[in-house]
Each structure stands twice: as structure tokens, then as C-alpha cells.
Amino acid sequence: MPDAPGAPSAPPGQPLPERPARVEVTMTVNGRAYTRVVEPRLLLVDFLRNELGLTGTHVGCDTTNCGACTVHLDGRSVKSCTLFAVQADGRAVRTVEGLSDLTPPAHLTPPAPLPYQGRGEPARAATGAPPSLAGREPGGMGPAFSPPSLVGRGAGGVGLHPLQQAFHEAHALQCGYCTPGMLMSALYLLERQPRPSRDEIKRAIAGNLCRCTGYEFIIEAIELAAARLAGEAP
Amino acid sequence: MYPAAFHYARAASVQHAVALLREHGDEARLLAGGASLIPLMKLRLAAPTVLVDIGRLGELDGLAWRDGTLTIGALTRHADVADDPAVAEALPLLHDVARGIGDTQVRNMGTVGGALAEADPAGDWGPALLALEGSVRVVGPEGERRIAAADLFLDAYTTALAPDEVLLDAAFPVPGPRAGSAHLKFEVRAGDFAVANCAVAVTLDDADRCATIGIGLGGVGLRPERVTAAEALLRGQMPTPALVAAAAQAVMGCTESFDDVRGSAAYRQQLGGVLFERALALALRRARGERVEAMHA
């Protein structure tokens, strides 16, 4: 951690300068260290989006209600619109971009990515078979959902985290705006309670609003991911 | 809206925080978790010139059980209280309070000391401190002092702390056997502040009479109220339906109330009485040994 900013820069008894001093902030985001010099009032979500270019974390309501900006700070889920970046100085942040870095259990390891062949599903182009939801392998849609721009921004993984895969398969998103926050809240739950009840899932996502009213599918997706991570579902 | 610009100072110790507060006076505010202060700053209802960050003072974080008292450090997150099995066992109303605040993310940032010092009229920790006859320890330039719950809350958003004092911890006496307690609240929307909330702590004697009873009411008046009139009705008595109904009437009439978007004054007072009856029933079940989770309405 860099030297802690100790006191506003004015000798005792002297008036403070009109413009507050900027502060140096260093934090680890998805395992990679970043240092920036920022205004103290910069919110963490804007640090992530505007300073680091990690726009996966969304600003929904900006009033601590909707949870679209949920990230993990030292392993705990928090709303990054209600946190100054300087509060995260010296700490570890995980965002939705880091999800694909989390190594899933061996039986859920996504298959090696097929070469990206532009629009359309590579497998379909190769075989000529019609698209079918039945029998789709977890991670099978990985390449199409991993834009190359994510690589090198602290994500780097290819393929989806089991939670992302379950959200995809269970139709747990419509517009997708709330999804990054939903995923981070769901991840926080599963890290602490690997096999949650439906009530526990509802409580866990009570701080995340979905305006497409997709809660039922979101709950089902979290159940599906939990079952797979526990090795109890294909 | 973005918070107004401020000078940031990270306190290296409690004494450093006190010195910064003393130096900058009313222009300075303490930043703990920020769960309440940052939303107020975004609304520009608060625009401190200097923010003194005490969020890294580890000595203010955590729970300690000593000499029949649970001490909760000011920086302890609501989630840490909610998740502590010993709290649920010995002081279930504190478990109810912590578990019912905001949502997971808010409970992970918001602090017990911050909530007490903010003294929001609808806050949950104030009624709990009153019902359990707790106290807070604060430190200022003149040293430490202890403020009893009954003396802490002066008005809406106003406590007995001086501008250059820092709240260090809250102390809750741990009740003996045959004790039960509960906290219930009613919120219109999930995660919203409650319209009203009520904390009840009771101890039963061998004949199932209320040996001790404490009642704290929040959200109805401009500050949390200890309902001594209702306590006096029940103390030493069997909690019969007729007596409980009379005590609920005393709760409803214990303070003036106000109209706002969440409800009228009359509705708030009525709701306070209903929540008292339910919280007492839950506290009595727990005092008789039942393990039952509170269901906030």
C-alpha cells in the first residue's frame, strides 16, 4: 500500500487550499495491480469504468438501490457507486470481468475454444446441423461470448464461468443491464453457501433490481450453477 | 449527483482522527463505511470540506465478549453481527437488527458505529441499544467517556456526541438465563428504511412473569424512544393478552409522530404498537427456549 494520505495539505491554523489534493490510489483488480492519481471524491465504479476501462460494472441507479454496480472488495460484495475509490486503496477488487478467470471444477472446464469464424456458430457452420438447445455443452457458446477486447484487461479467460453459463442457458437476462451485479451477488452467495435454498437466493439478490422482471429465471440460473458446481447436475 | 469536492485525510489512529476533527471543526465528517454518508453527499445534503477516513482503524473492528457484556466495535459491519452465531444465541435481537438492515451489499459496508452516530429516526440500532440498556464509548480531546443509551439520542440525526468526538464501540449487557429478545420492523419496499421498528428484551422469572423488560421504538418519533410506560405495565407481571394489549396502547401513545411518504403519523403510531406485540411474542418464545428466526414484515 502506498503511503497513506495523512492530512489535508495545509499547515495547522492555515486555511485549506481551495482545490483538494488528488490522491494516489493503488488497488488490485481481478489480480492485476493498478495505480492512478484521482480526486478523493471519485467513486469506485467510476474508477473501474473510466480510469481502468473496465465497463462491465454498470451504473444503474447511482443511489445504492439497484446493485448493478456490485463488485467484491476484499472478498465481500459491495455497491461500487457508494464507495470512494480511495476507500479501496491497497485492497483487492473483483469485477464481472474477473469471472472467467475463476477456474471451474475439472468437470465444468469449458472445451477448448473453436476458432472464431465471424457471425454465426462455428459448430453449426462446420456440420451444417440446425441449432439445437438440447445437449448443448456447458461452455459451448464460449467463444462467441468472449470478445477479444476483454483479454488483457484482467480477464483474459475464454469461456464462461459456470454462473454466466447458467444465466445464459436459463434465460436469466433480457436486457442484461443488471446481470453483472446479479452475477457478483450470486458468486458471493455461492462462495459462502454452496447449496443455497430458494429463500437464501432471494435474500442474496435482494439488493439487485431487475427491471425486466426476470427474477424467477435468475433464481433458477443460480440454482443450476450451484448444482453444477456441487457436481449434482450436468 | 456527484459529491462536492472534499479534502481527504486518512486517520492513522483514533487520536489522529480526534485531532483532525478538532482542527477542522464542523467542516469535517468521519467516514467509516460510507453507507449513509456517501448517499447524503451525493444528494448534497452533506458537503463536508474534510473527510476523515477512519475505515482502516482495525482496533475499532470486531466483537468482544467480556464480563457479561458484548462490545461491538464501531467499525464492525452489520454483516459480521448478522453472521455471528454467538450473537444469535445470546442476543437474538441484535441478530434480527443486523440481518434486517438494507441488503447484503449494504450490510457488508455499513457499520454499527456509523448507524448509531447518524441517528436516523428510522434507524434500527437505536431501539436495540435502548431496549438492552446499552451504552456507547466515545473519545474526544478531553479523553474517553461513556454515554448511556437513554442519553445518546437528542433529536433526528442528532446525538450527544460533540463534533470532535469519535464513537469507539457500543456495549450491550448479555442477559442471563430465561431471557429472550427480538427486533421487528415493517418496510414498504425491500431494503428501504422501515416505517417503524421495535426492539423488545425480556427476562422471565420462575413463574413466567416478566422479571425485566426493555422496549425501544424506532421510526415513529424523530428519535428512538424507550417506552418506559409500557415497561412499567409489564414488569413483574404475567404477560397476559389483556396486559400486552394495554402495553401496546402505551407504545402507540409514547411519542408524537409525523406524516411523510411512508405513512401518516397515526399509521406509524398504530404500526409501532403492532410491531411491539409481535416482537414481544417472539421474545417470549425465545425466552422459553424456542429457536425461531424473526420475519420482518
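Into which domains is chain A divided? Chain A consists of domain 1 (23–97) and domain 2 (99–120 + 143–229), with bounds that come from an automatic or database domain assignment. The model is predicted, so local features need pLDDT of at least 70 and side-chain atom pairs count only at pLDDT 80 or more, while totals for chains, interfaces and linings use all residues. Residues are numbered from 1 along each chain as its sequence is written, and chains are lettered from A and ligands numbered from 1 in the order in which they are written.

**View 1. The contact between the two domains of chain A.** Domain 1 of chain A contributes 21 residues to this contact and domain 2 of chain A contributes 17 residues; two residues are in contact if their C-beta atoms, placed from the backbone, lie within 7 Å. On the domain 1 side, strand β3 (residues 70–73) of chain A gives the most, with three residues. Helices (H or I, at least four residues) and strands (E, at least two) are DSSP runs, numbered from the N terminus. The residues on that side of domain 1 of chain A are seven nonpolar, twelve polar and two charged. Here Ala, Val, Leu, Ile, Met, Phe, Trp, Tyr, Cys and Pro count as nonpolar, Asp, Glu, Lys and Arg as charged, and the others, Gly among them, as polar.

View 2. β3(A) pairs with strand β4 (residues 76–79) of chain A in the antiparallel sense over four bridges; two strands pair if DSSP finds at least two bridges between them. H72(A) has S77(A) in β4(A) as its bridge partner. Two residues lie between the strands of this hairpin, and D74(A) in the turn has a positive phi of about 50°.

**View 3. The contact between chain B and chain A.** Chain B supplies 27 residues and chain A supplies 31 residues. On the chain B side, β1 (7–10), α1 (14–24), α2 (37–42), β3 (50–53) and α6 (104–109) each supply at least two residues. The largest share of that side, five residues, comes from α6(B). By class, the chain B side has 16 nonpolar, eight polar and three charged residues.

**View 4. The largest nonpolar core.** This core has 148 residues, and those with the most contacts inside it are A186(A), V52(B), I54(B), V200(B), V251(B) and A279(B). A nonpolar core is a set of buried Ala, Val, Leu, Ile, Met, Phe, Trp, Tyr and Cys residues joined through C-beta atoms within 7 Å. A residue is buried if 20 or more other C-beta atoms lie within 10 Å of its own, exposed if 12 or fewer, and partly exposed in between, with C-beta atoms placed from the backbone. Leaving out residues up to four places away in sequence, A279(B) touches A182(B), H183(B), L184(B), C198(B), A199(B) and V200(B). Of the 297 residues of chain B, 54% count as buried; of the 234 residues in chain A, 44% do.

**View 5. E118(B) and its surroundings.** E118(B) is in helix α7 (residues 112–118) of chain B. E118(B) counts as partly exposed because 19 C-beta neighbours lie inside 10 Å. Not counting residues up to four places away in sequence, E118(B) touches S36(B), G123(B) and Y157(B). E118(B) and T159(B) are 41 residues apart in sequence and 7.9 Å apart in space, C-alpha to C-alpha.
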